[in-house]
Amino acid sequence: MKNAILEVRNLKKYFPQKKGILSRTIGYTKAIDGIDLFVEKGQTLGLVGESGSGKTTTGRCILRLIEPTEGSVYFMNKNILELNDQSLRKLRRKMQIVFQDPFSSFNPRMTAGKIIAEPLIVHRLIPKMQLKDRIKELMEEVGIDPSYYNRYPHEFSGGQRQRIGIARAIALNPSLIVADEPVSALDVSVQAQIMNLMYDLKEKHELSYLFISHDLSIVKFISDRIAVMYLGKIIETGFTETIFNNPLHPYTRSLLNAIPNPFPDSVKKVSSTEASQENNSDPAKKNSSENKSTGCIYYSKCSNSRDECREAEQNLEEVKGDQFHFTSCIRYDRI
C-alpha cells in the first residue's frame, strides 16, 4: 500500500508441541497462519477476535517481541524481520506497545517517573537536566498529576496505571503504537476515559494504531478499518462502517450479536448464520498442524455451512461492489 506505515505479508507463527522425556516435537500449534494486513499513516486498524484467535501474538510478532516463523513485516518501508539488533533498536523508537495489564509490565521497585523515563534514558534522547521536566509534561498530557512522580505502581488505580503505560509509549514520539486490549481490564467509565485519551493523542501526535480487542463496540469508536481474526487467520476486513452495516462472514455476525444490547426489553435479532450450539467441535483442533483439513475453519460452527465450505480452499476475496471489503466466506452472497 502506498500510504501504509505498516504492512504485514504472509505472517506465520507456529509453536512446537513437545512430548515425552526427550521433548520431541510432535506437531505445531498455528497461532498465526499466513495473515496479511496493513495500517495507513494516521489511521487505526482494529484487530478483533475471541480469546485464542492469535491477536496478541500478531502484535508481538510485528514488534519482534516474539520471532515469527515466516513472513514479512514492513514498517516505514523496512522489513524489520531482516534488521540486525542495532538497526532494530533505532527503528523501535518509532513503534511502541501499550500492554493489556500495565501492572505486570512495570517494575514494582520503580516509581512512575522512572518508569516513564526509562525509554528516554535507554535511547539517550534528552539530557539529564531536562529529563524530569519532560516526564512531568508527559504525566500532565495523559492526565496524571505530576506530583505523583515518586509514587510506585501499587499506589495507582488500574486506569492511572494504564495512563502511565500510555505516557511511556508516547515518550519517544512514535509513529505506530500497538495497543493490546488496553481497556479490557478496566471499569466501563474508565474505559471511556482511556479511549478518549488515546483518540486525542492520535490526533495530536498523528499516531497510527494497531488496536487489538475482543470487543467490537470498543473498536468501533476508534478504528478506521477492522480486521476480524479467527484461529490465526483474517476472515474478514473492511472499513468500520462497512463491517458494522454489512458483515458478511458468519463469525463476524456472531461477534456483532455478542455486543450487549442497551435495550434489554427489545427482541434481539439473531442471524441465521450464528454459530450452532449443537456442533461445537472445531475441525482444526485449535489449529494444530496434525489436522491437514482444508476449507473453511469456521465450518463446524456455522449453521449455514455446506459441503463446498468444507472442501474448498478459502482465501480473502474482495466483495463485488464493496471497495476494500474482503471476506473468506464463499457463501456470503447466499446467506
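Modeller: Before we start, a word on terms: Ala, Val, Leu, Ile, Met, Phe, Trp, Tyr, Cys and Pro count as nonpolar, Asp, Glu, Lys and Arg as charged, and the others, Gly among them, as polar. Please also keep in mind that this is a predicted model.

Colleague: Okay, how many cavities of 30 Å³ or more does a search of the whole structure find?

Modeller: The search finds two, and the largest cavity holds about 70 Å³ of space. Among the 12 residues that line the largest cavity, those closest to its centre are Pro250, Cys296, Cys302, Cys309 and Cys329.

Colleague: And how do the residues of that lining of the largest cavity divide?

Modeller: They divide into seven nonpolar, four polar and one charged.

Colleague: What about the second largest cavity, which residues line it?

Modeller: The second largest cavity has about 30 Å³ of space, and its lining is made of Ile97, Val98, Phe99, Pro102, Ser105, Gln162, Gly165 and Arg168. Strand 6 (95-98), helix 3 (102-105) and helix 6 each give two or more residues to that lining, with the largest share, three residues, coming from helix 6.

Colleague: Switching to helix 5, which of its residues are buried?

Modeller: In helix 5, Leu131, Arg134, Ile135, Leu138, Met139 and Glu141 are buried, and because they cover an arc of only 155° around the axis, they lie on the same side of helix 5.

Colleague: So what covers them, and what is exposed on the other side?

Modeller: The cover of the buried residues includes helix 4 (112-122), helix 6 (158-170) and helix 7 (188-205), while Met129, Asp133 and Glu140 are exposed on the other side of helix 5.

Key. Residues are numbered from 1 along each chain as its sequence is written. This is a predicted model: local features need pLDDT of at least 70, side-chain atom pairs count only at pLDDT 80 or more; totals for chains, interfaces and linings use all residues. Side-chain values use heavy atoms; hydrogens and water are left out. Buried means under 20% relative accessible area, exposed over 50%, partly exposed in between (1.4 Å probe, protein chains only). Helices (H or I, at least four residues) and strands (E, at least two) are DSSP runs, numbered from the N terminus. The arc is that of the directions from the helix axis to the C-beta atoms. Contact means heavy atoms within 4.5 Å. On a 1 Å grid over the protein atoms alone, a cavity is a set of points where a 1.4 Å probe fits but cannot get out, and a pocket is an open set with protein on both sides within 12 Å along at least five of seven lines; lining residues have an atom within 4 Å of a point. Grid points are joined across faces, edges and corners, and a volume is the space filled by probe spheres set on the points.
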